[in-house]
Amino acid sequence: MTRPAPALPDELDKLLRRMRLPYLRAAAPDVIATAKAQRWDPAEVLRVLINEEVIGRDAATRRMRRKTANFPAGKTFATWRPDESSIPPPTQQALSTLEWISRHENLAVAGPSGTGKSHFVEALAHNAIEHDLRVAWFTLETLTTTIGRAKADGSTARTVARICRSDLIVVDDIGMLPAGQDAAEAFYRIVDAAYERRSIAVTSNIHPSGFDTIMPKTLATATVDRLLHHAHVCQTSGESVRLSQALAGAGVVALGGTR
């Protein structure tokens with residue numbers, strides 16, 4: 001068994017704590033021991049230690065951004081089955097590059113419930129965070145609540161600006177419930193503020209062109225006009241994956257035998 005690397009001298013440990021270099025400090029004993037054994041150049045020691053700090057900070061930033069994004073289910077491409085999706089494979093591949101986000105383009109995924117809309121968009125959102133982008137995730141209901149609170153204390157402009165600091169703003173499951181004036185206004189404010197500046201992704205059981213059937217027509221028309229101007233529109237189809245799994249008995253853990 002190899003011996004553990006000697007601990008850092010107290011004075012050096014205190015300096016690293018004061019400079020707030022936790023990842024460098026954690027890696028330093030092993031790196032220093034290795035450097036001594038292999039006679040590294042001092043510049044290489046410095047490079048490796050700084051690189052450890054950078055890697056640690058980047059990972060911490062991604063963890064924070066995932067927490068801030070408030071994803072609903074933690075679904076990523078690790079559990080995505082591209083061959084089972086009705087979205088054409090070339091479209092899936094092109095969207096997964098995230099180039100559309102760098103161009104401030106939007107994404108609308110519409111189709112029946114259970115056809116993978118939210119899973120695909122959430123996987124894209126996780127991928128965006130892995131590429132050091134910021135994501136904000138809402139349902140239309142939570143977006144309405146957020147903007148409603150801002151209206152109550154007069155901070156609507158600040159709240160919209162804060163949301164639009166994200167590189168990708170997701171509004172999930174539009175159309176599951178009728179959207180009143182407040183919901184339509186909240187949605188419009190975000191789409192208008194993000195127009196040609198940030199990317200918005202929406203999922204819905206109806207095509208965006210039909211949003212005027214679930215929200216006030218004037219706001220719906222203005223919102224969809226901006227949303228679809230620079231947008232990729234994907235239509236999903238097929239049976240609900242959730243329902244298929246339930247009918248196959250895969251939705252629950254089998255119960256024990258009855259007496």
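In helix α4, the residues Gln-92, Leu-95 and Ser-96 meet Phe-120, Leu-124 and Asn-127 of helix α6, where contact means heavy atoms within 4.5 Å. By class, this contact of α4 with α6 has three nonpolar, three polar and no charged residues; Ala, Val, Leu, Ile, Met, Phe, Trp, Tyr, Cys and Pro count as nonpolar, Asp, Glu, Lys and Arg as charged, and the others, Gly among them, as polar. The axes of α4 (residues 89–96) and α6 come within 10 Å and cross at roughly 30 degrees. The two helices are therefore roughly parallel to each other, a label for angles under 35 degrees, with over 145 counted as roughly antiparallel, 65 to 115 as roughly perpendicular and the rest as oblique. Axes here are lines fitted to C-alpha atoms, for helices over the stretch in contact, and angles run from 0 to 180 degrees between N-to-C directions. Helices (H or I, at least four residues) and strands (E, at least two) are DSSP runs, numbered from the N terminus.

The model is predicted, so local features need pLDDT of at least 70 and side-chain atom pairs count only at pLDDT 80 or more, while totals for chains, interfaces and linings use all residues. Residues are numbered from 1 along each chain as its sequence is written, and side-chain values use heavy atoms, with hydrogens and water left out.

Thr-156, Val-160 and Ile-163 make the contact on the α8 side, and Arg-189, Ile-190 and Ala-193 on the α9 side. By class, four nonpolar, one polar and one charged residues take part.

Turning to the strands, an open sheet of five has the order β2-β3-β4-β1-β5, with parallel pairing; two strands pair if DSSP finds at least two bridges between them. The edges are taken by β2 (135–139) and β5 (231–235), each with a single partner strand, so one side of each is left without a neighbour in the sheet. On average, and with direction ignored, neighbouring strands are turned by 10 degrees against each other. Helix α6 (residues 117–130) lies across β1 (106–110), β2, β3 and β4, and runs at about 160 degrees to β2.

Within β4, Val-202 is the bridge partner of Val-171, and Ser-204 stands opposite Ile-174. Four bridges join β1 to β4, again running parallel, and Ser-204 is the bridge partner of Ala-110. Strand β4 is mostly covered, with six of its six residues buried, where buried means under 20% relative accessible area, exposed over 50% and partly exposed in between (1.4 Å probe, protein chains only). In a regular strand the side chains alternate between the two faces of the sheet. In β4, Ser-199, Ala-201 and Thr-203 point one way and Ile-200, Val-202 and Ser-204 the other way, and all are buried.

Most residues other than glycine have a negative phi. Arg-39, in the loop between α2 (22–38) and α3 (42–69), has a positive phi near 55 degrees. Arg-39 is exposed, with a relative accessible area of 77%. Asp-132, in the loop between α6 and β2, also has a positive phi, near 65 degrees. Asp-132 is partly exposed, with a relative accessible area of 45%. Leaving aside neighbours within four places in sequence, Asp-132 is in contact with Arg-62 and Arg-65. Asp-132 and Pro-89 are 43 residues apart in sequence and 25 Å apart in space, C-alpha to C-alpha.

His-232 is partly exposed, with a relative accessible area of 29%. Not counting residues up to four places away in sequence, His-232 touches Leu-95, Trp-100, Arg-103, Glu-105, Asn-106, Leu-107 and Ala-108. The C-alpha atoms of His-232 and Gln-38, 194 residues apart along the chain, are separated by 54 Å.
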